[in-house]
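Hi everyone, thanks for coming.

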Amino acid sequence: MSQPDRRGDVTSPTGGQDGAEGRLVGFGRALRHEGLAVGPGRVVEFCRAADLLAPDDLYWAGLATLIGRNEDIPTYNDVFVRYFGELQDSEEQPAPPMLQPPVEESNPNAAADEEGDEEDEAAEPELVLASAIEILKEKSFSRCTDEELAQLALLMMRIQIAVPRRRTRRREQYKKGAPHLRRTIRRSFRTGGEPVERHWQRRRRRRRRLVLILDVSGSMASFSRALLVFAHAALRADPRWEAFCFGTRLTRLTRSLKMTDPDEALEAATDEVFDWDGGTRIGESLKTFLDEYGHKGLARGAVVVICSDGLEIGAPELLEAQMARLSRLAYRVIWLNPLKEDPAYEPLARGMRAALPHIDLFTSGHNLASLETLSDELAVL
């Protein structure tokens, strides 16, 4: 029996890549084409897992690395069968366990009693038990224990934040673009002054600066430690990135959070913050940031992420004015509000209402899964 073309339902996602790695990357693109939040970081983890495991475990490697929500599993199953359809007809490699109907174990002792019984109950689908890591990713930071927060610190180190890139003033040699006159003329000396070999150049591209501004006031006490751990993991990706925190005043934590050990970094950051678990003055803190750091280059063209519940005790007019300044200066302004994890949440607080018109992306950031989704969304801003 000839195999059907598995690209009939899924658009060719390999992007011209060959080999096993190209098929794995193409599978991730196929999932993203179906609407699943599968970013570059998850695809990289999937390729690493597939390289370490046996071919029979490819299904489970993808389930553990590419899927973060239970409701995405049926779509994953469908795309897996369409993309790796030959696994269904192969005698050497069984079908993915989640796609097989459950087999009832027969009891030889009770076979005589069940001979006349009719099978009137439909077979129930096999329940999928999420791993402890997946459960931890979906758990809110406010309900995590100290041991779970320590595990989250290790998982956050694996998040690859891909911020947008920008063109710099420096140029580099490239296969096309503007003529590279200096190099072309220099090489023409080898051919008697004739510019036979032409060279080109383009402006270099580098990642934009990421600036994290974290709320450590009393209303954010259950999320502050986890967000600081996330900031510590993010700052290790690029030495140009910055981190600040605020309660009633602004504190710069970049130097403290760049320590290698997360516990030492958090302890040093805690020693520098004097308004921990205090009030919330977002407008005054943003004004200090813009006056002392933002207009000097830290916020210009950067991606600024503010983590706060928006419960402002200061004047909302000041917050609105500073958010307007920040939106004009930064490339994108993102606001993480842990209260948004509740589907019934509405931004009715006066501070949140004042800031909302100047925000480019408003999301929750209440657990690790939402932070992973944020890292994927940053790449396409």
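This is a predicted model: local features need pLDDT of at least 70, side-chain atom pairs count only at pLDDT 80 or more; totals for chains, interfaces and linings use all residues.

Residues are numbered from 1 along each chain as its sequence is written, and side-chain values use heavy atoms, with hydrogens and water left out.

So, the protein has 15 helices and 9 strands; these are DSSP runs, numbered from the N terminus, with helices (H or I) of at least four residues and strands (E) of at least two. Of its 381 residues, 44% are buried, meaning under 20% relative accessible area with a 1.4 Å probe, protein chains only, while exposed means over 50% and partly exposed is in between.

Now look at helix H11, residues 262-272: which residues are buried there? They're Ala-265, Leu-266, Ala-268 and Ala-269. They sit on the same side of H11, because they cover an arc of only 165 degrees around the axis, going by the directions from the helix axis to the C-beta atoms. Helices H9 (221-235) and H10 (254-257) are included in what covers the buried residues.

On to the sheet: an open one of 6 strands, ordered S6-S5-S4-S7-S8-S9, with mixed pairing. Strands pair if DSSP finds at least two bridges between them. The edges are S6 (250-252) and S9 (361-363), each pairing on one side only. S5 (242-246) pairs with S6 in the antiparallel sense over 3 bridges, and Phe-244 stands opposite Arg-252 in S6.

Terms used. Contact means heavy atoms within 4.5 Å.
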